[in-house]
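Subject: Handing over a structure, with notes

Dear colleague,

Please find below the structure that I would like to pass on to you.

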Amino acid sequence: MNTAAIQHVQLPEGVPIWRRALGFAGPGFLVSVGYMDPGNWATDLAAGSRYGYQLLFVVLASSIMAMILQSLALRLGIATDRDLAQLCREHYSRRTTVILWVIAELAIAACDLAEVIGSAIALNLLFHLPLLLGVILTALDVLLILLLEQRGYRYLEAVVIALIATIGVLFGIETLLARPELLPLLKGMILPSTQMIRNPQMLYISIGILGATVMPHNLYLHSSIVQTRNYKRTPKGRQEAMRFAGLDSMVALSLAFFVNAAILIVASAVFHRSGHFEVAEIGDAYNLLSPLLGAAGASTIFAIALLASGQNSTLTGTLAGQIVMEGFLDLRLPPWLRRLTTRLLAIIPAVIVTAFYGSTGIGRLLLLSQVILSLQLSFAVVPLVIFTCSRKRMGEFVNGPFMRVTAWTVAVVIAVLNGWLLILIATGQSS
């Protein structure tokens, strides 16, 4: 088992079922943070302002894919007592393992670029701190992780859940203030836009939404942290753990879908409706919200939610970096050195990008980072599906026929969309 998951959380015995279920609540919320990070904000703002409600279906479809894949990840961790990175190391050659590790690290760096810059933008908007200083300050979250983990894994989960609740409430307020049009909203959520295939720019943003929603490092993270619960390592105990962990994941990812949809809905109702079709920069959205809504404080609410989102995401991103490094390379380092190493690997690119670009083109960089995430997604999804379809690995918890078809369908859809995007990029049609 990965050292990130060694500290078991005790579960209450002889209590009502709802109390038992609460004992498993937490890992799904840690994972859901990645589904509402600043990268999601960039893609949802661009989608809503440019195309109105048309890409809400992509948000919904991506969220459903995420629920399926995270379900597979938690089942893998519970059934095998291994996380996805460890199983890759055990199953593949050393060369393949190193390649998969490098790809996973690139995904984490791309994700952290969005999270760190998002936090820095929020600090700049709220307190006028320079972006570079804000980026450096966000690196200190590694100290917070060490402090919280020393007090117990539940403290880390509690902080994350509190920040998620803050984001949800604040964006609920923003959505009410925006007064979206219900019928176009429902149409955009239920019916896919055929323009997505014909319009390269719309496809580019759609792939960005997919990459921002279904994140590769979250699959490694979930398969590890779900093992922190002290359930009985028996078939019956594992079955119970899968049931309650699945419920935890479903509730958390449903909340993440609400936040993602709310960002796009606000962007559509406020910016697209008023003719501001090119609001992809978070700073522009902040400056326009209060004047367009006619509600004092709307911009401040937006910035506070962004700060909570960025800080939450960097906490879980650091954990994912540790799990990926340990799982693929089997490294055993002191906790402080392990945290520092994984944090530096992720934050150095963000410092470099911010130093060179400043506030210029940050929105485009955030969107690009999410497209990069999507392009790397198959390298985590395919091994996950292979392992969960293997009776040798999963035993009696192997995927059934329906889940096999569903899992491979999701894997193929992701690969095909990314392949089509690469063709568009190669032919110069995505710009």
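The notes below go through confidence, salt bridges, a surface patch and cysteines.

Please keep in mind that this is a predicted model, in which local features need pLDDT of at least 70 and side-chain atom pairs count only at pLDDT 80 or more, while totals for chains, interfaces and linings use all residues. Residues are numbered from 1 along each chain as its sequence is written, and side-chain values use heavy atoms, with hydrogens and water left out.

The pLDDT is the predictor's confidence in each residue, from 0 to 100. For the protein chain it averages 84, and 90% of the residues score at least 70. Where pLDDT is low, the predicted coordinates should not be read in detail.

A salt bridge here is a side-chain nitrogen of Lys or Arg within 4 Å of a carboxyl oxygen of Asp or Glu, and by this rule the count comes to 7. One of them joins R20 and E240, at 3.0 Å from N to O. Because R20 lies in helix α1 (residues 17-24) and E240 in helix α14 (residues 235-272), this pair ties together parts that are 220 residues apart in sequence. Both residues also belong, with E13, to a network of salt bridges.

Another salt bridge is formed by E157 and R229, whose closest N and O atoms are 2.8 Å apart. E157 lies in helix α9 (residues 153-178) and R229 in the loop between α13 (216-225) and α14, so this pair ties together parts that are 72 residues apart in sequence. Both E157 and R229 are buried, where buried means under 20% relative accessible area, exposed over 50%, and partly exposed in between (1.4 Å probe, protein chains only). The side chains of R82 and E90 also meet in a salt bridge, at 2.7 Å from N to O; R82 is partly exposed at 30%, and E90 is partly exposed at 37%.

I190, in helix α10 (residues 182-190), is exposed, with 57% relative accessibility.

Finally, a search of the whole structure finds 0 disulfides, a disulfide being a pair of cysteine sulfur atoms within 2.5 Å. C88 is buried at 0% relative accessible area, and C389 is buried at 12%.

Note on methods: Helix = DSSP H or I, 4+ residues; strand = E, 2+ residues; numbered from the N terminus.
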